[in-house]
Amino acid sequence: MENLITIKNQYHSLDELQNALKNNSNYNCTKEYDIWEQRVDNNGNLAQCLVLKKSNMHAVKLFFINENTLKANHIIPNKIMQAYFGKSQKAHQNVLEIITGKIKAAVLEPAQNKVFNEIEAEVIKVVS
C-alpha cells in the first residue's frame, strides 16, 4: 500500500513536516532511518523518513519524492513483527513459505488497508 501526497510549500523538509504532524496529528510521529527500503541519500548515507505509528503492527512511512510530493507506504514499525509478518525479501521461497505468506497477507491486509487510509487522511488534513 502506497500513495503520493502533494503538500504545501511551507513543509519543504522532514523537520518542518514532523513538527506539523506532531502538533496536529493523533499519531506518534518520529524521524527515523529508512530501514524498510534501505534508501540512500545524496551522500551515500541511509536516508531518513517520517514514521506515523498507530501500533506495533501499523504505521505509515513518509518521505519526499520531490520538493512538494510525499510518498506514503504502509510499514510494520516493530522490527520483530516486521521479521515475522513483513513481506519476505528472499529470492527463492519453498512451498510452505509461499503458502504461509499468502495466509498472512489475507489475514493482515484488511486491517492494514484500514489503518493506512486513516493515517493517510490525517496526513492529508495536516499538510494539504
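This report describes a strand, a helix and a loop residue in a predicted model.

Local features need pLDDT of at least 70, side-chain atom pairs count only at pLDDT 80 or more, and totals for chains, interfaces and linings use all residues. Residues are numbered from 1 along each chain as its sequence is written, and side-chain values use heavy atoms, with hydrogens and water left out.

**Strand S5**

Strand S5 covers residues 69–75. Helices (H or I, at least four residues) and strands (E, at least two) are DSSP runs, numbered from the N terminus. Seven of the seven residues in S5 are buried. Buried means under 20% relative accessible area, exposed over 50%, and partly exposed in between, with a 1.4 Å probe and protein chains only.

In a regular strand, side chains alternate between the two faces of the sheet. Thr 69, Lys 71, Asn 73 and Ile 75 point one way from S5. Leu 70, Ala 72 and His 74 point the other way.

S5 pairs with S1 and with S4, as the table shows. Two strands pair if DSSP finds at least two bridges between them.

| Strand paired with S5 | Sense | Bridges | A residue and its partner in S5 |
|---|---|---|---|
| S4 (residues 59–66) | antiparallel | seven | Phe 63 and Lys 71 |

S4 and S5 also form a hairpin, with two residues between them.

**Helix H3**

Helix H3 spans residues 95–127. Val 95 lies in H3. It counts as exposed because its relative accessibility is 60%. Val 95 also belongs to a nonpolar surface patch of about 400 Å², together with Ile 99, Ile 103 and Val 107. Patches are made of residues with over 30% relative accessible area and no salt bridge; like charges are joined within 9 Å, nonpolar side chains (Val, Leu, Ile, Met, Phe, Trp, Tyr) within 5 Å. A salt bridge is a side-chain nitrogen of Lys or Arg within 4 Å of a carboxyl oxygen of Asp or Glu.

Beyond neighbours within four places in sequence, Glu 118 is in contact (heavy atoms within 4.5 Å) with Tyr 27 and Lys 54. Glu 118 and Val 60 are 58 residues apart in sequence, yet 10.0 Å apart in space, C-alpha to C-alpha.

**Ser 25**

Ser 25 sits in the loop between helix H1 (14–24) and strand S2 (28–33). It counts as buried because its relative accessibility is 11%. Its side chain reaches the backbone nitrogen of Tyr 27 at 3.2 Å. Leaving aside neighbours within four places in sequence, Ser 25 is in contact with Leu 52 and Glu 122.

Note on methods. Accessible areas come from the Shrake-Rupley method with a 1.4 Å probe; for residues, only the protein chains shown count as cover. A polar contact is a pair of N or O atoms within 3.5 Å; within protein, one must be able to donate a hydrogen and the other to accept it, and residues adjacent in sequence count only if both atoms are side-chain atoms.
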